[in-house]
Structure formats: C-alpha cells, structure tokens
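Hi,

Here is the structure I promised to pass on. Have a look at it first, and my notes on what turned up follow below.

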Amino acid sequence: MSDQSHDAAESYPRQSARTQRFTLGDPRDVTVSADGRRIVFLRSRGGTDPVNCLWVVDATTGEERIVADPELLLMRRDEFLPLEERARRERTRESAGGITAYATDRAGTVAAFTIAGRLFVAGLVSAAGRELPVAGPVFDPRPDPLATRVAYVSGRLLCVGELDGRWRVLAGDDPDEPDTVSWGSADFIAAEEMNRFRGFWWSPDGTVLAATRVDTAPVTRWFVGDPAVPSTAPTEMPYPAAGTPNAEVSLHLLGLDGSVVDLEWDRQALPYLVDVNWSEQGLVLTVQSRDQRRVEHLGVDPATGATTLLLGDDDEHWVELVDGVPRLLPDGTLVTCADRDGARRLMVAGTPVTPADLQVRSVASVSADGIVFLANPLADSTVLHVWRRAPDGTLA
C-alpha cells in the first residue's frame with residue numbers, strides 16, 4: 001500500500017499540479033537596468049511555492065537579493081484582487097500569487113507593483129520595499145521615467161501618487177461623465193485580442209500621460225450567473241460579441257499641470273488602438289480597422305494632438321500584429337514588421353531588411369546598438385532563434 005501511495009504522489013499529474021505545470025520557482029518577467037548592472041525578475045522560493053517575490057541580481061557578482069517579499073510586506077497570505085487584476089490574470093493564464101507583475105522607471109532603479117490591491121514601491125539598488133498609502137484598490141502602477149512618482153488605475157480613475165504618499169486623481173472624477181467611462185485601462189478588445197493590457201503611457205520627461213478614455217455605453221450587456229451559487233443574482237457586464245458594437249476608445253494627453261490635449265485620427269475607419277509608444281524620438285500610435293485588413297502607424301504632435309501617417313499596411317485577409325513594434329530608432333527611423341514575399345519580415349523605413357526565408361515573431365529591443373528580434377526559419381516553425389540586426393545592416 002505504501003508503494004502505491006508513493007507512486008501516486010510522484011505521478012506526473014500530481015507533480016504538474018503541485019508545481020503549476022512546472023513553472024513555480026522559475027525566473028520570469030525579466031528586466032535589465034539601463035546600465036546593465038541589475039537584472040530584475042519575479043520568482044517564488046521553490047518549485048512548490050506559489051508566492052512570487054521580486055528579486056534583483058547584481059550582474060557583476062551574480063549575487064541575488066529579494067527586493068520585495070509579499071508575506072513580509074503584508075504579514076498575511078490572503079489577497080484581495082481588484083476586478084481588473086483578476087481579469088488580467090485570467091487573460092495571461094496567471095495562477096501564481098504574490099507579485100505577478102511590476103513596472104520600473106527608465107533607468108531601472110525603482111519598481112512599482114501591487115499586492116492585495118495595495119500600492120508598493122521598491123528601490124532596486126537598496127533592495128528595500130515599502131507601501132505607498134494611496135487610496136485603492138490599485139491596478140497597473142507604473143513609475144514615471146525619472147522615478148519621481150507613480151501613476152495607477154483605481155476603478156474608473158487614473159491617479160498619480162507621489163513617493164511621499166500623497167496622491168490625486170488625474171482623470172475620471174468628472175461628475176458629468178457617465179459611469180460607463182473609465183480612464184487609463186485597456187478596453188476588452190485590446191486586452192483580449194491584441195495583447196495590449198495597459199491604458200496609459202508616460203512622456204519621456206514624466207510630465208504628461210497619454211491615457212485612454214473608454215466608454216462602454218454602446219456595448220451589449222450580458223448577464224452572467226454563478227452556477228456554483230445559483231441563489232446569487234446574475235452580474236451585468238458589457239461584452240462586445242462578434243458583430244456587435246465595441247467600446248468607444250479615444251486617447252488624450254493629460255499634463256500633471258492640468259492641461260488636456262485630445263489626439264485626433266479617423267476613429268470611424270480605424271477604431272482599434274493597438275499600441276502606443278512614447279520615446280525621446282517621438283510619440284507613435286498604431287491603429288487598425290475593425291476588419292483588421294488595414295493598420296496605420298501615426299506620428300503625433302503632442303502640442304496639438306494632430307497625427308501624421310508614417311506608414312500604412314493593407315492585406316486582403318488581415319494584417320498580423322507583431323509584439324515589440326512599431327518603435328523608433330535614435331535617428332527617428334520607423335521600425336515595423338509586415339508580411340512581404342510570403343514571410344513576416346522586419347521593416348526599417350518601410351523596407352524589408354530580413355530575408356524572405358526568415359519568419360519574424362517579435363521584436364525585443366530597438367536601440368543605437370541595433371535591433372534584437374526573435375525569428376524562426378520559414379521552413380521550421382518548431383525552433384525560435386534570437387537575431388540582431390546591427391546598425392550597419394548585418395544580421396547575426
């Protein structure tokens with residue numbers, strides 16, 4: 001009997017369940033600081049521990065340190081999760097607990113994250129974490145590029161918290177707006193179908209936020225009951241089923257000084273906001289038609305909100321979206337991906353720069369040192385290689 005019990009305990013299904021498909025204890029969500037000195041990541045303490053901590057590694061010595069331990073910061077295991085965070089975890093198939101996402105400033109010196117709907121920050125050099133006592137529940141906190149404050153979403157509100165604990169609402173508290181409007185969150189289509197899980201972006205100098213305004217008023221309401229508790233009244237929720245109206249999504253530049261600039265593009269023809277990238281080289285939007293056969297990359301004048309077409313792409317079937325692009329090189333040249341000659345190719349200034357026998361899957365980084373991307377041979381999709389296109393155009 002003991003041998004049978006031992007065999008059952010060590011069976012593959014039991015091991016898979018206990019280790020959450022052999023993912024617990026593995027480093028994930030890796031970030032390298034701008035100076036290359038620190039490597040930041042999430043990891044639980046072992047293969048059966050479901051609580052993720054925030055770690056930092058000294059790239060010179062290899063020394064690992066825990067920056068933030070949820071159990072020490074909360075002194076308890078139970079978690080209250082805002083609805084937005086529950087939806088994010090469901091979409092990303094997140095099953096671990098503790099810290100499951102974080103964001104850093106541009107230099108990689110400060111990280112912001114939530115535990116149980118509360119806001120925490122951690123110094124990645126000092127390896128010390130603390131709570132910012134702002135009003136919550138807090139979702140998707142992100143430090144500004146200069147690490148002086150943190151923006152975050154709380155329900156329908158977009159808020160900004162200072163590192164001394166002061167906070168204020170930046171958008172969403174207008175009493176004339178209906179309760180179907182929210183600020184700073186991704187709409188259902190973006191999060192579910194386009195892998196855009198965020199709804200606000202800092203300007204490079206940390207004085208302005210590009211923020212989405214989402215109005216779900218046109219969206220059909222569904223009523224979902226809980227089969228486990230049939231006595232509970234069904235929950236009403238907006239759900240844009242295929243062929244029904246979507247939420248109305250617009251983008252606005254919100255200055256910390258109270259200024260507001262509305263961004264303009266043809267939202268009737270191109271209603272989907274696919275991506276926003278704001279770097280020292282400029283602000284670029286990617287928008288798409290509802291039939292997904294047309295995509296446009298638009299440059300933005302932050303002073304007026306006017307947009308200019310940088311590059312468009314059409315496909316009789318659909319335009320595939322590629323993670324990591326568009327981005328701008330330091331000289332302002334646009335980097336994108338598009339299907340050309342039977343393969344998905346890296347494009348620089350609208351020209352293919354990878355061979356037609358290479359299938360580009362995503363772009364990892366765009367900098368003065370080159371473009372790093374992931375691709376597989378067109379003839380073999382079972383492998384994935386890391387490539388680098390050097391500034392002189394060579395591939396390695």
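Let me start with the cysteines. C53 is buried, with a relative accessible area of 0%, and C159 counts as buried too, at 1% relative accessibility. By buried I mean under 20% relative accessible area; exposed is over 50%, and partly exposed is in between (1.4 Å probe, protein chains only). The structure holds zero disulfides, where a disulfide is a pair of cysteine sulfur atoms within 2.5 Å.

Before going on, a word on the ground rules. This is a predicted model, in which local features need pLDDT of at least 70 and side-chain atom pairs count only at pLDDT 80 or more, while totals for chains, interfaces and linings use all residues. Residues are numbered from 1 along each chain as its sequence is written, and side-chain values use heavy atoms, with hydrogens and water left out.

Next, a sheet. Strands β25, β26, β27 and β28 line up in that order as an open, antiparallel sheet of four. β25 (327-328) and β28 (351-352) are the edge strands, each with a single partner, so one side of each has no neighbour in the sheet. Strand β27 (residues 343-348) is joined to β28 by two bridges, and this pair runs antiparallel. M347 sits opposite P352 in β28. For the terms: strands (E, at least two residues) and helices (H or I, at least four) are DSSP runs numbered from the N terminus, and two strands pair if DSSP finds at least two bridges between them.

Most residues other than glycine have a negative phi, and most peptide bonds are trans. Here are the exceptions I'd look at:

- G136 and P137 are joined by a cis peptide bond, with omega about 5 degrees. P137 is in the loop between β9 (128-132) and β10 (139-143).
- V325 and P326 are also joined by a cis peptide bond, with omega about 10 degrees. P326 is in the loop between β24 (307-314) and β25.
- D140 is not a glycine, yet has a positive phi of about 55 degrees. D140 is in strand β10 and, at 14% relative accessibility, is buried.
- Q292 is not a glycine either, and its phi is positive at about 65 degrees. Q292 is in the loop between β22 (282-288) and β23 (294-300) and is partly exposed at 34% relative accessibility.

Two serines are worth a click as well. What does S289 touch, leaving aside its neighbours within four places in sequence? The contacts are A269, L270, P271, Y272 and R294, with contact meaning heavy atoms within 4.5 Å. S289 lies in the loop between β22 and β23 and is buried at 8% relative accessibility. A polar atom of the S289 side chain lies 3.4 Å from the backbone nitrogen of R293.

The other one is S203, in the loop between β15 (200-202) and β16 (208-215). S203 is buried, at 2% relative accessibility. The side chains of S203 and D205 make a polar contact of 2.7 Å. A polar contact is a pair of N or O atoms within 3.5 Å; within protein, one must be able to donate a hydrogen and the other to accept it, and residues adjacent in sequence count only if both atoms are side-chain atoms. Setting aside neighbours within four places in sequence, S203 is in contact with P145, V208 and W278.

Cheers
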